[in-house]
Amino acid sequence: MASTAVPGSSLALARLSARRVLILGGVALIAGGMLFGDVFAVFVLHQNGAQTGEALLAVTRAVTAHDSSAVKEEFGRIGGLLEDHGTKLDAHAHMIAAGYLALMLALLQSYVAFNSKIRRIIAEVFIAGGLLLPVGIFLIHYVGLAYSPFKVIGWASVLADSAGALLIAALLGEAWGLWRYYRGKRADDAELLLPLDTSWERRTLLAGGTVLILLGFLYGAWYAGLDLYQHEAREKTILGAMLKTSAGGGDAAQSVGDYGKLQAEKAVDIAAHSHVIEFGLLAILLSLIQPFVFLGSRWKRFWVKLLLAGSIILPVFVRLEMRLGLIAGGIADIGGLMVLIALVGMLVGVAGYTGALDAQPGRAR
Amino acid sequence: MSANKLLIFGGLMLAAFGMLYGLHYAIFVEHQTLDRMGGSLALAFQDAAERDLPAAQLAIDDYADTKYDYVRQIDAHSHWIGLAMVMIIFGAVLEQTAFAERTRSIIAIALALGSFSFPGAVILQTWTHGSPFSLALAAVGSALVIGAMLAAAVGFALQRS
């Protein structure tokens with residue numbers, strides 16, 4: 001393949017190949033998802049939890065007052081609050097997951113045996129699906145069932161499900177391209193193999209990412225073995241006590257408080273587990289795209305250190321939120337911001353890529 | 001099949017399977033499950049307001065059973081896709097460990113088996129609540145994944161620049 005850089009200028013930007021579409025789109029989706037997550041954590045999460053607690057307390061008071069219609073009404077409010085919380089969390093998680101998949105597909109482009117036009121179309125379909133899926137999920141709470149011909153599925157859900165179908169179609173397309181390569185087909189304008197890179201940045205991200213994933217798995221196994229079933233049993237016990245107290249005319253504020261504390265314990269356990277693994281995956285993925293980050297070594301190292309530091313600060317301080325309260329939450333948010341800034345720094349480097357690597361020999365055979 | 005091909009193809013298949021499961025779940029199961037969960041919790045409190053505590057307890061039991069399934073169905077979906085990503089990524093980088101192809105193959109097989117079986121065992125728990133077989137399968141699956149990750153970490157640590 002000829003160089004995709006503009007001839008005669010080493011500083012010109014490379015044209016958007018399928019790989020660059022996936023790298024740029026993937027990093028942008030991850031950065032967008034993380035920014036949304038930080039905004040959600042600061043402005044929505046705790047406020048939503050407090051409102052849910054208030055609504056649950058109102059339910060217990062309605063029980064004490066023998067007012068079952070008020071119980072139903074308050075539960076409608078709780079349902080709305082839970083949907084608001086759940087859809088924002090899902091939008092955050094799915095946007096980042098789509099970004100990770102995009103980066104992975106970028107790494108496999110040398111082995112996708114389609115011509116460059118088809119590869120790019122598949123890449124664009126994937127990024128479009130990765131963007132529309134979280135948008136659809138986010139809108140579910142606001143659009144509801146307005147103008148929907150279905151009983152329980154609204155137009156925003158239709159958008160999200162259609163975007164999910166786009167992602168699946170693109171993924172199957174990539175798998176078909178890989179299968180063609182495996183069967184001996186080769187594209188004349190195939191993407192070049194990733195250069196063999198043993199730089200400090202790559203090794204540090206690779207080793208750091210693997211350790212982060214391992215820590216996340218161990219923590220997850222510990223949580224599933226020791227906390228999951230205990231949490232489920234505690235929830236049932238607390239709800240039973242809440243019902244008995246309020247039906248007996250007592251104040252169930254203590255049970256409502258216990259219930260809120262239990263939900264917070266579960267949330268921090270799951271958030272710490274999932275974030276440390278996600279950051280580990282991110283570090284390994286970013287280790288592989290380092291040759292496409294068009295920055296000086298000093299800046300590349302700085303972004304690597306910032307990313308790994310943020311990757312450990314966020315899950316550790318999320319876990320400490322139950323002990324240290326909002327201070328730990330604030331530090332965790334700063335950790336997330338550090339990862340986000342490092343990502344944007346690398347994204348700038350990828351956007352400034354000149355195509356120099358594409359001018360080197362090394363096509364997948 | 002080499003270790004990297006096994007991980008990349010296996011990972012892509014697992015990711016597609018996890019997404020198809022998620023799509024099927026979102027369209028045909030999730031809304032109904034959430035309605036049932038919310039409905040039984042609301043019913044429990046309505047029964048309590050009418051001072052029918054046995055009925056309230058039954059509704060709480062129904063809520064707990066539905067939530068038990070819901071948590072595991074979501075966990076299986078997210079773990080299938082998450083582990084598929086780990087497989088694909090390791091398919092791309094496993095050659096950079098200091099190990100020979102045979103050791104890499106053992107790591108790849110352990111990771112693939114664990115990635116398929118662990119979320120599968122989690123789903124199995126929704127059909128056989130708390131059965132020892134599904135719990136043991138989940139433990140073995142997660143041990144395979146952790147063992148493979150540990151071996152890969154050692155391999156990367158032994159890698160020379």
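In this predicted model, 28 residues of domain 1 of chain A are in contact with 29 residues of domain 2 of chain A. On the side of domain 1 of chain A that touches domain 2 of chain A, H1 and H2 of chain A each supply at least two residues. H1(A) provides the largest share of that side, with 19 residues. By class, the side of domain 1 of chain A that touches domain 2 of chain A comprises 21 nonpolar, 6 polar and 1 charged residues. The two domains themselves are taken from a domain assignment, which places domain 1 of chain A at 15-191 and domain 2 of chain A at 197-365. Their centres, taken over C-alpha atoms, are separated by 18 Å.

Attention now turns to the contact between the chains. Chain A contributes 51 residues to this contact, and chain B contributes 44 residues. On the side of chain A that touches chain B, at least two residues each come from helix H1 (18-64), helix H2 (68-108), helix H4 (155-182), helix H5 (200-247) and helix H6 (253-288) of chain A. Of these, H5(A) gives the most, with 18 residues. The side of chain A that touches chain B consists of 36 nonpolar, 8 polar and 7 charged residues.

At A:Ala224, H5(A) bends by about 45°. Just after H5(A), A:Gly249 adopts a positive phi of about 90°.

One pair of helices across the chains can be followed in detail. Two packed helices are described by the angle between their axes and the distance between the axes. For H2(A) and helix H2 (residues 53-93) of chain B, the axes come within 10 Å and cross at roughly 25°. Angles under 35 degrees count as roughly parallel, and H2(A) and H2(B) are therefore roughly parallel to each other. The crossing of H2(A) and H2(B) is left-handed.

Which residues make the contact of H2(A) and H2(B)? From H2(A) come A:Ala97, A:Tyr100, A:Leu101, A:Met104 and A:Leu107. From H2(B) come B:Ile81, B:Met85, B:Ile88, B:Ile89 and B:Ala92.

How values were computed: Residues are numbered from 1 along each chain as its sequence is written. Chains are lettered from A and ligands numbered from 1 in the order in which they are written. This is a predicted model: local features need pLDDT of at least 70, side-chain atom pairs count only at pLDDT 80 or more; totals for chains, interfaces and linings use all residues. Two residues are in contact if their C-beta atoms, placed from the backbone, lie within 7 Å. Helices (H or I, at least four residues) and strands (E, at least two) are DSSP runs, numbered from the N terminus. Ala, Val, Leu, Ile, Met, Phe, Trp, Tyr, Cys and Pro count as nonpolar, Asp, Glu, Lys and Arg as charged, and the others, Gly among them, as polar. Domain bounds come from an automatic or database domain assignment. Axes are lines fitted to C-alpha atoms, for helices over the stretch in contact, and angles run from 0 to 180 degrees between N-to-C directions. Angles under 35 degrees count as roughly parallel, over 145 as roughly antiparallel, 65 to 115 as roughly perpendicular and the rest as oblique. A crossing is left-handed if the near helix is turned anticlockwise from the far one by less than a right angle, and right-handed if clockwise. The bend at a residue is the angle between axes fitted to the seven residues ending there and the seven starting there.
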